[in-house]
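Visitor: Can you walk me through this one? Please keep it simple.

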Amino acid sequence: VLTDCNTGEVLAMVSYPSFDPNRFLSDTAYYNEIVQDNSGPLTFRALNEMRAIGSTYKMCTAIAGLDLGYIDEYTTVYDDYAYPYVNSVDHPTCWSTVSHGVVNVVTALEHSCNYFFYDVGYRLSDPTADHEFDDDVGLKKLADYAERLGLSTQTGIEIGEGTPKASDQDAVRSAIGQGTNAFSAANVNRYTCTVANGGSVYNLFLIDEIHSADGALLYQTEPVKASDTGISESIFSIVKEGMRLVVTEEHAAEFASLEAAGIHTAGKTGTAQEAKDRPDHSFFTGYASYENPEIVATVVIPYGGGSANAIPVFRDIIANYYGISLDTEQDM
């Protein structure tokens with residue numbers, strides 16, 4: 001999904017695997033083949049396939065923690081791998097068995113440190129001195145910010161879309177995009193637009209203009225700002241700084257060719273597990289340019305084997321938008 005982050009205009013929205021609609025309507029054998037295809041080409045994934053979104057949710061958690069005062073830009077946490085404070089027998093762990101060390105919200109976004117965001121989810125749940133807490137308290141706060149940022153509400157697009165769902169189980173795990181969070185690629189894109197533009201939630205739209213057969217303008221879409229988040233620009237700036245470091249530090253090698261071409265981006269990886277017997281989902285959502293946000297691109301590869309596989313797709317979409325050729329051999 002590729003959008004103008006300052007209006008909500010959809011510039012591209014693609015779902016694979018695809019099919020030929022002309023053959024689908026006229027060729028019985030082809031129709032039966034598509035209907036029976038287990039890869040689900042009839043599902044328009046960008047709008048109707050709801051997934052756990054993994055670490056792309058961490059911007060929402062960071063913004064909730066910052067805006068409510070549970071953390072600030074100087075708050076630090078030591079990544080001790082297995083997080084101890086949960087209302088379950090097993091302890092959730094960081095994705096890396098090698099500690100990220102002492103991290104703050106910016107470096108936690110850079111490294112996508114699960115441990116830090118587990119701790120934010122815990123803090124949002126108002127723990128006692130004995131580390132007892134109510135999951136529902138934290139979940140309500142996370143859900144509120146997911147709604148304010150335009151993530152957990154429908155995008156307002158002109159065609160049918162699925163209904164997103166904010167997690168209602170396990171505040172600590174939900175804070176990293178797991179739990180029962182379920183959102184479409186378009187939901188993630190819209191929320192990333194809100195972050196990129198500094199707090200305006202725009203409805204997505206496909207139709208620019210409608211003309212009569214003789215060329216007369218019958219209708220022109222005006223961007224619809226659904227709401228303002230009311231969140232300060234300073235908070236968005238902190239989160240954007242972390243998203244920029246994702247590109248320039250944590251994944252600098254993958255973005256080297258884009259940076260060399262003078263296209264500065266910012267974004268967030270996501271790796272989400274929904275089935276133990278299948279690979280993780282692969283996400284990347286981000287915007288360009290970092291200095292002057294113009295577009296947001298969101299890539300989702302269901303069961304795609306982790307975020308590393310979505311990054312080059314995002315990179316190439318951005319390069320194509322700006323009409324540049326990349327020397328991807330340096331992205332190694």
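Guide: Labels come before anything else. Helices are DSSP runs of H or I with at least four residues, strands are runs of E with at least two, and both are numbered from the N terminus. This is a predicted model, where local features need pLDDT of at least 70 and side-chain atom pairs need 80 or more, while totals for chains, interfaces and linings use all residues. Residue numbers start from 1 along each chain as its sequence is written, and side-chain values use heavy atoms, without hydrogens or water.

Visitor: OK. What volume does the largest pocket have?

Guide: The largest pocket has about 740 Å³. A pocket is an open set of points on a 1 Å grid over the protein atoms alone, with protein on both sides within 12 Å along at least five of seven lines; lining residues have an atom within 4 Å of a point. Volume is the space filled by probe spheres set on the points, which are joined across faces, edges and corners.

Visitor: How many residues line the largest pocket, and which lie nearest its centre?

Guide: There are 29 lining residues. Nearest the centre are Asn114, Ile176, Gln178, Thr271 and Gln273.

Visitor: Which element gives the largest share of that lining?

Guide: Strand S9 does, with four residues. Helix H5 (105-111), helix H6 and S9 (265-272) each supply at least two.

Visitor: And by class?

Guide: The lining of the largest pocket has seven nonpolar, 14 polar and eight charged residues. Here Ala, Val, Leu, Ile, Met, Phe, Trp, Tyr, Cys and Pro are nonpolar, Asp, Glu, Lys and Arg are charged, and the others, Gly among them, are polar.

Visitor: How much space lies in the second largest pocket?

Guide: The second largest pocket holds about 540 Å³. It is lined by 24 residues, and Val1, Val14, Tyr16, Thr298 and Ile317 are the closest to its centre. Helix H3 (45-48), strand S11 (295-301) and helix H12 (311-321) each give two or more residues to this lining. By class, the lining has 17 nonpolar, four polar and three charged residues.

Visitor: Tyr16 again, then. Where is the peptide bond from Tyr16 cis?

Guide: At Pro17, with omega near -5°. Pro17 sits in the loop between strand S2 (10-12) and helix H1 (21-26). Another cis bond joins Ala288 and Ser289, with omega about -10°. Ser289 is in the loop between strand S10 (281-288) and S11.

Visitor: New topic. How many cavities of 30 Å³ or more does a search find?

Guide: One. A cavity is a set of points where a 1.4 Å probe fits but cannot get out. The largest cavity has about 30 Å³ of space. Its lining is Tyr57, Leu139, Leu142, Ala143, Ala166, Ser167, Ser174 and Asn181. Helix H7 (residues 135-148) gives the largest share, three residues. Five of the lining residues are nonpolar, three are polar and none is charged.

Visitor: Back to H6. At what angle do H4 and H6 pack?

Guide: About 45°, with the axes 10 Å apart. Axes are lines fitted to C-alpha atoms over the stretch in contact, and angles run from 0 to 180 degrees between N-to-C directions. H4 covers residues 58-67, and H6 covers 114-124.

Visitor: Which residues meet?

Guide: Lys58, Thr61, Ala62, Ala64 and Gly65 in H4 touch Asn114, Phe117, Val120 and Leu124 in H6. Contact means heavy atoms within 4.5 Å. That H4–H6 contact has five nonpolar, three polar and one charged residue. Asn114 also belongs to the lining of the largest pocket.

Visitor: What about Asp126, where does it lie?

Guide: Asp126 is in the loop between H6 and H7. Its phi is near 50°, a positive value in a residue other than glycine.
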